[in-house]
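These notes are meant to be read with the model open beside them. Please look up each residue as it comes up.

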Amino acid sequence: MSGILRTGFRRAAPALRGHTITQTANIRSKPAKAPINAVETTIGLGMLSLAILGPSGWILAHLEDYKKKD
Amino acid sequence: MFGQAVRRFTTSAVRRSHYAEGPGNNMPFSVENKWRLLGMMVVFFGSAFTFPFIVVRHQILKK
């Protein structure tokens with residue numbers, strides 16, 4: 001128990017000290033090579049949604065028909 | 001000193017390989033045309049997701 005408290009305080013000490021220097025990396029990136037505007041995004045998301053929801057939704061909607069086709 | 005040696009190694013590796021390397025070239029599909037990529041993704045993910053539903057339909061229609 002005391003060992004856990006000691007380890008916890010030892011690890012938290014630098015942060016609690018208040019005089020630490022935070023190091024940050026300067027991350028830069030270039031603009032996109034193939035930008036995708038709002039219309040293209042809608043088309044892409046729409047088609048992917050239809051690919052997932054379409055056929056499976058159609059099958060689920062006709063389940064009663066398949067059961068009745070006995 | 002190590003930086004220069006590493007640079008020499010990576011330059012010679014690119015010159016030696018006959019495969020395209022770098023972003024967009026390390027995958028088994030092409031990202032050259034975004035609409036063809038969309039089509040490929042629709043077929044790939046759509047077929048995989050729909051298959052179990054087709055199986056269920058087949059099983060219900062069988063009995």
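1. A residue counts as buried when its relative accessible area is under 20%, as exposed when that area is over 50%, and as partly exposed in between, using a 1.4 Å probe and protein chains only. By this rule B:Thr50 is buried, because its relative accessibility is 8%. The model is a predicted one, in which local features need pLDDT of at least 70 and side-chain atom pairs count only at pLDDT 80 or more, while totals for chains, interfaces and linings use all residues. Residues are numbered from 1 along each chain as its sequence is written, chains are lettered from A and ligands numbered from 1 in the order in which they are written, and side-chain values use heavy atoms, with hydrogens and water left out.

2. Chain A has 3 helices and 0 strands. Along the sequence the pattern of chain A is α-α-α. Of the 70 residues in chain A, 7% are buried.

3. How many residues of chain B are in contact with chain A? The count is 16 residues of chain B, facing 20 residues of chain A; contact means heavy atoms within 4.5 Å. The two chains bury about 1,500 Å² between them, and 79% of this area is on carbon and sulfur atoms. Buried area is the accessible area (1.4 Å probe) that two parts lose on being put together, summed over both.

4. The interface of chain B and chain A also holds 3 residue pairs in polar contact, both residues at pLDDT 80 or more. A polar contact is a pair of N or O atoms within 3.5 Å; within protein, one must be able to donate a hydrogen and the other to accept it, and residues adjacent in sequence count only if both atoms are side-chain atoms. The side of chain B that touches chain A is made up of 11 nonpolar, 2 polar and 3 charged residues. In these classes Ala, Val, Leu, Ile, Met, Phe, Trp, Tyr, Cys and Pro are nonpolar, Asp, Glu, Lys and Arg are charged, and the others, Gly among them, are polar.

5. Back to the residue of the opening point. B:Thr50 sits in helix α2 of chain B. A polar atom of its side chain lies 2.6 Å from the backbone oxygen of B:Gly46. Leaving out residues up to four places away in sequence, B:Thr50 touches A:Ala51 and A:Pro55.

6. A:Ser56 belongs to helix α2 (residues 38-61) of chain A and is buried, at 4% relative accessibility. Its side chain reaches two backbone oxygens: that of A:Ile52 at 2.6 Å and that of A:Leu53 at 3.5 Å. Neighbours within four places in sequence aside, A:Ser56 is in contact with B:Phe49 and B:Phe53.

7. Rings of Phe, Tyr and Trp (its six-membered ring) pair if their centres lie within 6.5 Å; planes under 30 degrees apart are stacked, over 60 edge-to-face, and the rest tilted. Over all chains there are 2 aromatic pairs. B:Phe44 and B:Phe45 are edge-to-face, because their planes stand at 80 degrees, with the centres 5.1 Å apart. B:Phe49 and B:Phe53 make a tilted pair, with 5.7 Å between centres and 35 degrees between planes. These two lie 4 residues apart in helix α2 (residues 34-62) of chain B, so about one helical turn separates them. B:Phe49 is partly exposed, at 38%.

8. A salt bridge is a side-chain nitrogen of Lys or Arg within 4 Å of a carboxyl oxygen of Asp or Glu. The structure has 2 of them over all chains. One crosses between chains, from B:Lys34 in helix α2 of chain B to A:Glu40 in helix α2 of chain A, with an N to O distance of 2.9 Å. B:Lys34 is partly exposed, at 29%.

9. Another salt bridge joins the side chains of A:Lys67 and A:Glu64, 3.2 Å from N to O. Since these residues are 3 apart in helix α3 (residues 63-68) of chain A, about one helical turn lies between them.
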